[in-house]
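Please walk through this structure with the text below. Start with a loop, then turn to the helices around it.

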Amino acid sequence: MNKTDDLQAWRIFCAVVEANGVNAACEKLCIEPSTASRTVKALEEEIGTQFFNRGTRPASLTEFGRQAYERASALLEQHRHIVQTLQEEKDAMSGLIRVAAIAGVSPREITPALVKYQSLYPAIRFALQDLQGPADDAFENAIATGLPVPDVAIGYAARSATRGLVARHLGEMPFVACASSTYLERYGTPTHPRELATHTGILLRTAVRRTTETLTRGNQQVPLVWERVHVFSTISSAVAAALLGGGVIPDLPLHHYLAAKASMPAGGPRLECILPGWHREPEACWLFCSESAWSKRRVRDFVEWMTEQERQYFASLVRANTTLLPICP
């Protein structure tokens, strides 16, 4: 590296000027006088002019040396300010936190949590974006697609340990098979997955999880065969189709099943849990944080707070709905 590109070289030059001599500057910087002399000489040679009038005692600055000192000292001050600002920003409970989460869960679970956290720390700002795949791939996916890289990603993931990420396990999301009361009155209620061969399936194929192909009960696993299927890319569309009597959803997340039940108007069609004991295997939900974001106090604090919030939610979700898991009433 050229000396002119070396901040330490300019730091030595400025110290010599400010100390009015090499020896005093070297005592301050804890370096050898020969090192300082060689460094200043190298700067002069690379630029092609002298900084000091060496015929005087002590050596005085040339006009060019004076200009070099003014510019170099301003550069060093700017560098010091940059480093100080970054250190203060890293430890501050203020600023932006980017969160990527499952689109269908965010409005009812993630967004309220962000608002609650912001009430605790009003200087924190959030930017919430939708996951484009498994939570542990959110950071690479954002770079590949040109989206802002999140600090934190919350959602389904098969892996617990991913290099370069801080990981927190939040819980397991159960799934239930369901259909509307209107559909069941018209086509009958299946009691075994094999009976779905005469029914219409409402299937989900999303960016964050695979389409369900089998249902499980104990050690039994039965492939799903349908008379016909409708495929949707969002849970809200699938639930709307089910409420209209469009078919059977074999794998509605318990979170969304309960939300749909709570929002149904009195006297209208309602979702009913079916296929007692049969279910899609639960999906692990994780919170991931990039190591660079983890270095910031505001992100570390948010990660631990959000982890506790979500673990409590998953525990209460399962505890309050034991009759649905794994056997529906």
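Asn20 sits in the loop that joins helix 1 and helix 2. Helices here are DSSP runs of H or I with at least four residues, strands are E runs of at least two, and both are numbered from the N terminus. The model is predicted, so local features need pLDDT of at least 70 and side-chain atom pairs count only at pLDDT 80 or more, while totals for chains, interfaces and linings use all residues. Residues are numbered from 1 along each chain as its sequence is written, and side-chain values use heavy atoms, leaving out hydrogens and water.

Most residues other than glycine have a negative phi. Asn20 is not a glycine, yet its phi is positive, about 60 degrees. Asn20 is exposed, at 52% relative accessible area (exposed is over 50%, buried under 20%, partly exposed in between, with a 1.4 Å probe and protein chains only).

Now the helices. Helix 1 (residues 7-19) and helix 2 (residues 22-29) pack at about 120 degrees, their axes 8 Å apart. Axes are lines fitted to C-alpha atoms over the stretch in contact, and angles run from 0 to 180 degrees between N-to-C directions. The two helices are therefore oblique to each other (under 35 degrees is roughly parallel, over 145 roughly antiparallel, 65 to 115 roughly perpendicular, the rest oblique).

Which residues meet? Ile12, Ala15, Val16, Glu18 and Ala19 of helix 1 meet Val22, Ala24, Ala25, Lys28 and Leu29 of helix 2, with contact meaning heavy atoms within 4.5 Å.

Leu275 lies in the loop between strand 13 (271-273) and strand 14 (283-290). Its phi is also positive, near 55 degrees. Leu275 is buried, with a relative accessible area of 0%.
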